[in-house]
Structures are given as C-alpha cells and as structure tokens.
Amino acid sequence: MAMVDPLPVIFPNGTGRQEDNQLDSSFSIVALRKLPHLTDYVQNLQTFTNPLEYNPFYHEPARFYISPSDVILRQIVYDLASGFPVATPHLTYHRAGPRKLIFYDPFHVRAAIVTCGGLCPGLNTVIRELVVGLWELYGVRRIFGIKAGYRGFYSTEPVPLDPKAVNNWHKRGGTILETTRGGFDLVKIVDAIESRRFNQVYIIGGDGTMRGAVKIFEEIRRRKLNVAVTGLPKTVDNDIGIIDRSFGFHTAVETAQQAISAAHVEAESAVNGIGLVKLMGRSTGHIALHATLSSRDVDCCLIPENDFYLEGEGAGQDLIPRSDAEKEEKDESGNPVLLDVGGWLKSEVKRWWARDHPRELLTVKYIDPTYMIRAVPPNATDNLYCTLLAHSAIHGVMAGYTGFVSGPINGNYAYIPLLDVAQTRNVVNTRDHKWAWVRSVTNQPDFLK
C-alpha cells in the first residue's frame, strides 16, 4: 500500500527540514507521497547551507531553490463532467531540485556509483553527470565507481572517479564501470558499504536492480546508518512504472528504425518478400509500438500485451514447443528465460507458405537488432535526460532524502519512493488511443477470436 500524507504536512521540530510548517492548507485536496529521509532514523543530524550559495561562477536567481510546496501531480487528465474536486485526494510527489539546506558536509561525502543489469544507451552519461555534478556543484572530492554490478561491492576495489576521468564517457555506449546480472548478497553489500565508509550510494539499473536497492535501503535503515540510497531507473524497453519514460528509450526507438528500414528494403526487393524484425521488450512492447508509429513501413506489430494467433491458433511464448526444464529456466536476475519468438515465427511463416503455395518463391529476412539497439551511445534527447536525472538525484541525496528514485512525471522531475517504482510496471495499454493509432497505421486485425 502506498503511504501518503495529506497536505499540509507538519514534520517534527528540530529536524532542520525546509518542509516544516510551510504548506498551505488550501491544498488539502492533495495527498503528498511520503518520502524517506535520513532524519527518520538518524538522530541529531547537522544541516549546512547549499554550496551553490557561494559559487563564484554562478549566482542563483529568485526561486532557484525548490520549496516544500513544489509538488508534481501524478494524474493531470480529468473529465470535468465527473465533478471536481474528486473525493480521493490527488497523489503528488516532491519536486526534484536543489534545496537551500543540505544534510551532508561535502568534505565528508564518500559517494559510490554502480551500474547493474543489461546495457542501455545513456549509462555512461549518467555516471559522468553524477561525478561532474557532485564535484562541480557541491565540491565532493571522494567519488568511486563500483565495477561489475552488485557483486562489485564485495568482490572488487572501488575505482576513484573525477571529472577528468569521465570527461568523454557520454560519447560511448555501454558502461565503462562494467555490469553483471545477479550477484546480489544483501549482507555482503551493506557490510561493504559500511566498511568502506560510503555515505551516498547511487544505483543505476532496471526493475530488478530497483528491487535490490529497496532491500539495501531497508537494511541500511535497520542498521541506522547515515547513508543515503537513491536509484536511477534504467531499462531500454521502458517497462518501469510511474515515470514518463526511462532513459535510453528514445535512442532505442531511433535505432530500431534502421532495422525496420532494412527489412522493408529486403522485402520490397525480393519476390514474395517478407521482412521480420524482433525488437527488445521482455514483457512490454513499447519499443515495437513506438517504432511502428515512427516508421510507417510496418504491416503488423505484435507485442507481448496483445495475444495474437496464426491460422486461428493462439501464438507466443506459451505455444512455442519446449521441455518442462526449459519452462522453469531462469536467468541470473531471476527472470524466466524466453525463447526466440522471432525465429519461431519465421519458421511458422515458411511452413505455412510451403504448404499453401508449393513451388512458389518466398524470401523471409529475419533481423534481430537487440544488441545493436542497447549498445549504442545515447542521442541528444537521452543525453539531456540523463544529465537532468543525475543532477536531480544528487540534489535529493544532498537534501537528506533516501530510498527514492528521480524521474520525470508529466514532464517535471520528481522524487518517488524506491518501493513504489520497484512494485510498479509500465505495460502497453491496448485499450488506449495509442494502440488504436498502431492499428490504423498497420491495418492489422485486433486478433480477437
């Protein structure tokens, strides 16, 4: 269950938090999502003036610092005919950005940055901007990269990072810190964080990584350590919930166009040619949907959220022949191992053609650009997104927030509890207008029996 605080929110005296007693009661129809803070379990924390106050190269304008009354509405579309305000308060989140008071002395910060799971365009940009932001905005000088994912906390030596070391990272795909799946040992990870005296931990990864980050945060809170944990949501197929989109997604859709264009040329250049492209998306079809709408060369778009059939039969992972052992197989992250639906579909199309059109030519070109899509550098849109995401995370951590994720909601960056993001999935809604646009572009059937 989500925990919310109806505004106004009053925090205990003595916390030093800007939120104290500053929220207007006229916003009582709004429910503010409670965000974990170091003062919830660490006593007598000292506050400091934000170093940006003394930056010789930059003077903050009026309303530069985020006030406690700045919130982001999760839902912004309503039917006025249903009445307003509604009985249930509107769910809101704290707006991301710099606070005038911070809870860390930059001289004593030891920050750790780790990337986990699969690759995604923009990973190196996020790392670079975390380093540059901590160094240039707040004067932090002890920043470390953790290599090889979660297992790197207890199996490798941290790598010192500074702006010079990460200068050109945003121009490269992949992650220079290296990444792995699995290796999550909660006790070993938190022991390593404690023994190495890290007090800020930045975790970049997908939904499985975020679930691990929740456990790390909860264990740190149980031990009452003065350590802030934040997640930076990464998934190329855009399946993380609540936020508008995950970084790397726009780059993935753009790169997918090359594969679709190649398949289109191959199909048009052959007698009875068919181009078949498999795009990323373990359980969600966002890349396929957006690539279809962008290219306009697609005749049929198949996504995991919408069952389809061949010759009246249901088709997909459930009907691909496999043994019981294969059905139970899991990868290092604990996800079910899925078979290649593209290769299977290619075989089914060729089998159908040989049966119904004997002695006629057929060319099926199957293209799987999976690794090409996720390994490329980010485009301009995702590079900008990664920068804003990293800086939002830094501002939140320095302000004492912990156990949170930064991300855009309705175009504005907000702070969201880690648990909310870890428990929420973003799937394609096949009942909304966007899926209707896909069908209008492709003229494909709805596959309803």
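How many salt bridges does a search of the whole structure find? The search finds 17, a salt bridge being a side-chain nitrogen of Lys or Arg within 4 Å of a carboxyl oxygen of Asp or Glu. The model is predicted, so that local features need pLDDT of at least 70 and side-chain atom pairs count only at pLDDT 80 or more, while totals for chains, interfaces and linings use all residues. Residues are numbered from 1 along each chain as its sequence is written, and side-chain values use heavy atoms, with hydrogens and water left out.

Among the salt bridges is that of Arg245 with Asp382, in which the closest N and O atoms are 3.3 Å apart. Because Arg245 lies in the loop between strand S11 (228-233) and helix H5 (249-268), and Asp382 in helix H10 (residues 380-398), the pair ties together parts that are 137 residues apart in sequence; helices (H or I, at least four residues) and strands (E, at least two) are DSSP runs, numbered from the N terminus. Arg245 is buried, with a relative accessible area of 17%, and Asp382 also counts as buried, at 0% relative accessibility, where buried means under 20% relative accessible area, exposed over 50% and partly exposed in between (1.4 Å probe, protein chains only).

A further salt bridge joins Glu157 and Arg196, with 3.6 Å between the closest N and O atoms. This pair links distant parts of the chain, 39 residues apart, since Glu157 is placed in the loop between helix H2 (152-155) and strand S9 (159-161), and Arg196 in the loop between helix H3 (186-195) and strand S10 (200-205). Glu157 is exposed, its relative accessible area being 58%, whereas Arg196 counts as partly exposed at 22% relative accessibility.

Within helix H8 (residues 341-356), the side chains of Arg351 and Glu348 meet in a salt bridge with an N to O distance of 2.9 Å. Arg351 and Glu348 are three residues apart in this helix and are therefore separated by about one helical turn; Arg351 counts as partly exposed, at 43% relative accessibility. Elsewhere, salt bridges link Asp191, Glu194, Glu219, Arg222 and Arg223 in a network.

Aromatic contacts were examined next. A pair of aromatic rings is described by the distance of the centres and the angle of the planes. The search of the whole structure finds eight aromatic pairs, for which rings of Phe, Tyr and Trp (its six-membered ring) pair if their centres lie within 6.5 Å, planes under 30 degrees apart counting as stacked, over 60 as edge-to-face and the rest as tilted. One of these pairs, Phe308 with Phe447, is edge-to-face, at 6.2 Å centre to centre and with 65° between the planes. Since Phe308 lies in strand S13 (residues 308-310) and Phe447 in the segment after helix H12 (433-442), the pair ties together parts that are 139 residues apart in sequence. Phe308 is buried, with a relative accessible area of 10%, and Phe447 counts as buried at 12% relative accessibility.

Phe404 and Tyr415 likewise form an edge-to-face pair, with 4.9 Å from centre to centre and 65° between the planes. Phe404 belongs to strand S16 (residues 404-409) and Tyr415 to strand S17 (residues 412-417), eleven residues apart; both Phe404 and Tyr415 are buried. Together with Tyr401, Phe404 and Tyr415 form one aromatic cluster. Strand S16 also holds Val405, which is buried with a relative accessible area of 0%. Val405 and Leu389 are 16 residues apart in sequence, and their C-alpha atoms are 9.4 Å apart in space.
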